[in-house]
Protein chains: 2
Amino acid sequence: MQRFPENPLIRPEDVPPSRDGMQVVGTFNAGAFRLGGRVGLLVRVAERPVQEDRDTVVVPAFDTAHYPPGVERVRLRRDDPAWDFSDRRVVLARPGGPAPHHYLTSISHLRLAWSDDGRRFSLDGLETAIWPDHPRGRFGLEDPRVTEIDGLYHITCSAVGDGGICVVLLTTTDFRVLARHGAILPPENKDVCLFPARQGGDYVILHRPSGAWCKPGIWIAHSPDLVHWGAHRFLAGPRPGRWDGDRIGAGPPPIRTPRGWLVIYHGSGPQGYCLGAILLDIEDPGRVLARSDQPLAAPRADYERDGFFSDVIFCNGLAETGDGELWLYYGAADRVTAGGRLSVRDVLDTLA
Amino acid sequence: MQRFPENPLIRPEDVPPSRDGMQVVGTFNAGAFRLGGRVGLLVRVAERPVQEDRDTVVVPAFDTAHYPPGVERVRLRRDDPAWDFSDRRVVLARPGGPAPHHYLTSISHLRLAWSDDGRRFSLDGLETAIWPDHPRGRFGLEDPRVTEIDGLYHITCSAVGDGGICVVLLTTTDFRVLARHGAILPPENKDVCLFPARQGGDYVILHRPSGAWCKPGIWIAHSPDLVHWGAHRFLAGPRPGRWDGDRIGAGPPPIRTPRGWLVIYHGSGPQGYCLGAILLDIEDPGRVLARSDQPLAAPRADYERDGFFSDVIFCNGLAETGDGELWLYYGAADRVTAGGRLSVRDVLDTLA
């Protein structure tokens, strides 16, 4: 991947907080799409409460009784043994203790950004922001994927709430009026992308369940109507001891190529979160034809190595240029949005 | 609950192993149904390899290349730090280590048993046994629920495999010829029961997802066709500090009563696994009307307190008597099948 010289493209310091008392800590993991000749991004904007003193951790939660939601601030004492503060992304309820559930240290909503050249983006105001509207999204909406089918844009994103992390679906034609279709998969699930074409009449998604017996990996499912999903099949898992040995998940919606469906995915391992590719059969996308031996991109630039969470390249958006090139938009170090170019032919050549 | 004096009804020592080199360690967690005037049970039969010496743990896995499947025996050294042998039900792959996945110490298949009086059961031979036929069930099929709709029996059970624990659906009219419908929900999920009637044209299930952010609790989902599921909603979770504070899951298929759908569920907490009840709205079973304050049954009998895993009453099968009484069939201490009577009116009286 050739990184854009303009990187990073969107930074937290460019975005004012949505309300008093909050600060923007991340503008990352953007979905991407084309509309009216422009490239649109749906950026995950993570905010956390302004902290008060060293003895207290203030954690946020959306109050979804209204829309747009309010923000609750909950004060936790740093010396309270019920909580584990060791991960800066999350405050864990220690097992067996009195803490009722985990908290995230920041909560995310989705914001639109637009570009004529795919590199210089301007962010919309709050009027087109997408917020959770249900307690299942009490801790935010994350990591959207956008798939256009016949002019209808399908947004799949993770909703984090008390009940778990599940995947919700929204549809729109203009990113102003949204239809919300609820949770399409039960928790825990993330990293859902919808194929841009039906297969045998069915919609098809890639998804990423996880659990005690289930290492985070890529599964496929089918639906007649986008709401009810079934025929779940395992496609690919982490490869212990390799660059993608810990966890993997699908990235942006698959791209149709002459050799198969090209899926950009993220894999975490000794180098952090890297990008790779999987090639799926055109007729039966449940069949894996090839998979990257080496990462297509690994964290190397400063903004990929240092940020909110170190050593992360996480791509959930891309735009096809029409001449065999992909513009990848990716979250770098869980903090900024960056971009890069990739030739489809070059990627396919690595999938021999 | 009034325990049957005949308890336990089915014990491992009554069942010969399915093949040489295996021993039956559990005959428990049976689904129940009525067919041709008899009560049928679909019993989970757990077998483990005959162990060899103190330095080795031999763990089993089904080889699903053939049907009925073969059994692989894998020898693990008890001093190998890659494995955690501290739970007698499971051998855990220690995180970050070289062990590729967890193993169960026993693997389960499903066996039919029949009774004219609901108390004395005779077990079928292996010819009607139900085995996994796919690697997703490599470590067995567990905890079936059976729901009859218009003469078609729907079996939902957990399939444990390398990819996780997911829920599979089978249908039959006679428990001899089975149609298999694959995984209806992605991992991790268990404790799925199908309502005995459609709601507004849809099939409805209760299910129990779990994960890092998702405490094991009861959710509801809908389907037009039994294969594709959606509209996932959270119904009820564990109540920290109470008898069902750790985990809960639905039991047998819900019973229609004048006051609502009656759901028998299991909850684990300080007393072990107990039974309780939840009442759901008849028109909108996604609405919880009431829930047991105290357990309907807690482990007390010897066979409930001591067995393979102590202090467990786990009910996934029942039969209605037609005169307002329920016969509950339950797994006791993860070892035997037992039974008891419960008056529907008495249960409803506890759900004020």
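Tutor: Start with one residue pair: V90(B) stands opposite L104(B), which lies in β8(B). This is a predicted model. Strand β7 of chain B covers residues 90-93, and β7 pairs with β8(B) over two bridges, in the antiparallel sense. Now widen the view. The sheet is open and has three strands, in the order β6-β7-β8 of chain B, with antiparallel pairing. Look at its edges. There stand β6 (83-87) and β8 (103-104) of chain B, and each has a single partner strand, so one side of each is left without a neighbour in the sheet.

Next, the two chains. The same surface serves both copies, as 100% of the contact residues of chain A recur in chain B.

Now the contact itself. Chain A gives 39 residues and chain B gives 39 residues. About 2,700 Å² is buried between chain A and chain B, and carbon and sulfur atoms give 64% of that area. P186(A), W213(A) and H228(A) supply 29% of the area that chain A buries against chain B, more than any other three residues. Nine residue pairs are in polar contact between the chains. The count of salt bridges between chain A and chain B is zero. Among the elements that give two or more residues to the side of chain A that touches chain B is β8 (103-104) of chain A.

Last, the confidence scores. Chain A averages a pLDDT of 96. The model scores ipTM 0.93 and pTM 0.95.

Methods: Residues are numbered from 1 along each chain as its sequence is written. Chains are lettered from A and ligands numbered from 1 in the order in which they are written. This is a predicted model: local features need pLDDT of at least 70, side-chain atom pairs count only at pLDDT 80 or more; totals for chains, interfaces and linings use all residues. Side-chain values use heavy atoms; hydrogens and water are left out. Contact means heavy atoms within 4.5 Å. Two strands pair if DSSP finds at least two bridges between them. Helices (H or I, at least four residues) and strands (E, at least two) are DSSP runs, numbered from the N terminus. pLDDT is the predictor's confidence in each residue, from 0 to 100. Buried area is the accessible area (1.4 Å probe) that two parts lose on being put together, summed over both. A salt bridge is a side-chain nitrogen of Lys or Arg within 4 Å of a carboxyl oxygen of Asp or Glu. A polar contact is a pair of N or O atoms within 3.5 Å; within protein, one must be able to donate a hydrogen and the other to accept it, and residues adjacent in sequence count only if both atoms are side-chain atoms.
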